[in-house]
Amino acid sequence: MSNDDNALITKRHLQFFDTALQDTLKVVVCETIKPEYGLYMWPCSVVLAQYIWYHRESILRGRTCLEIGAGTGLPSIVALKCANPNFVIVTDKISCARTSFEENGITTFKANSTHSMDYPVLFLDIKWGCFTTELLNISLFTNNKIFPEVILGSDCFYDPMVFDEILSTVYFLLKSCSEAPNHGHNCPKFLCTYQTRSADWKITDQLERWNMEAVHIPLESFDAGGINIAASGMPGSQSIQMMEITLKRFCT
Ligand SMILES: C[S@@+](CC[C@H](N)C(=O)[O-])C[C@H]1O[C@@H](n2cnc3c(N)ncnc32)[C@H](O)[C@@H]1O
């Protein structure tokens with residue numbers, strides 16, 4: 001998703017608030033508008049970013065996380081800016097747009113590089129359902145060979161055709177983390193937001209097949225019940241849901 005002269009880049013300014021602690025975080029997201037494709041920030045990503053912001057002291061501190069289908073990568077940017085993760089791996093089916101990261105002062109580095117960096121972030125091409133060398137060797141890319149414990153995904157369940165592919169990749173990541181020798185006591189999880197586009201779309205059968213289970217997370221529980229999260233004008237009238245998916249019986 002490289003940007004070229006025919007692409008129009010627009011900047012969207014967001015500001016996350018914590019009124020109780022008088023804390024705020026400003027983020028800029030660059031959207032690419034081009035005749036052939038769009039690289040937009042979807043309403044789901046603001047909701048997932050708000051979840052990370054709300055739980056910034058606990059959810060990712062010292063942990064490695066991986067975002068799938070990241071697009072403009074807002075949840076990963078918020079994670080890097082306020083949640084003190086050990087490492088963030090940003091993935092999409094083809095090269096992710098890094099413009100938004102750079103706009104927020106997050107510099108990048110190449111795979112296998114040992115260069116020092118401002119933020120612990122790595123970009124990888126990961127296509128759902130494809131078990132490439134990059135995916136199989138994912139722990140080699142992080143500083144201390146740790147598997148991601150938290151998988152993030154916003155608006156990935158946008159077409160039933162890809163549900164099984166997404167869950168096969170997520171299953172592989174959660175299973176690899178749970179079986180890793182240096183895995184801690186935290187339960188590996190997939191935190192995802194999705195937009196209700198059809199009442200008929202369900203992932204119940206796929207979850208059963210992949211031996212996983214989901215818990216619904218009410219948006220009100222992390223101050224995401226409104227229509228204008230982080231002054232983004234999103235999610236507006238869209239119906240967004242959030243769930244936490246784990247391997248069955250792993251966390252009980
Ligand atoms: C609806 S967009 C959501 C983007 C971003 N997460 C957000 O919420 O703003 C879906 C994203 O999934 C990515 N995607 C689609 N099919 C994919 C696949 N088979 N493997 C990996 N990523 C894929 C697209 O490139 C796109 O970035």
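How do the residues of the shell around the ligand divide into nonpolar, polar and charged? The legends below begin with this view of the predicted model.

**View 1. The shell around the ligand.** Eight nonpolar, five polar and five charged residues make up the shell around the ligand. In total, 18 residues surround the ligand. The closest are Trp 42, Ser 45, Gly 69, Gly 71 and Lys 93.

**View 2. Strand 10 and its pairing partners.** Strand 10 (residues 240-247) pairs with strand 8 (residues 189-195) in the antiparallel sense, over six bridges. Within this pairing, Phe 190 has Ile 245 of strand 10 as its bridge partner. Strand 10 is also joined to strand 9 (residues 212-216) by five bridges, and these two strands likewise run antiparallel. Here Met 212 stands opposite Leu 247 of strand 10.

**View 3. Helix 6 and its buried residues.** Helix 6 covers residues 163-179, and its end C-alpha atoms lie 24 Å apart. The buried residues of helix 6 are Ile 166, Leu 167, Thr 169, Val 170, Leu 173, Leu 174 and Cys 177. These residues lie on the same side of helix 6, because they cover an arc of only 160° around the axis.

**View 4. The packing of helix 6.** The buried residues of helix 6 pack against several elements, including strand 4 (64-68), strand 7 (150-154) and helix 7 (204-209). Strand 8, strand 9 and strand 10 are also among the elements against which these buried residues pack.

Methods: Residues numbered from 1 in each chain as written. Predicted model: local features only at pLDDT ≥ 70, side-chain atom pairs only at ≥ 80, totals over all residues. Pairing = 2+ DSSP bridges. Helix = DSSP H or I, 4+ residues; strand = E, 2+ residues; numbered from the N terminus. Expected span 1.5 Å × (residues − 1). Buried ≥ 20, exposed ≤ 12 C-beta atoms within 10 Å, placed from the backbone. Arc of directions from axis to C-beta. Contact = placed C-beta atoms within 7 Å. Near = placed C-beta within 6 Å. Nonpolar A, V, L, I, M, F, W, Y, C, P; charged D, E, K, R; others polar.
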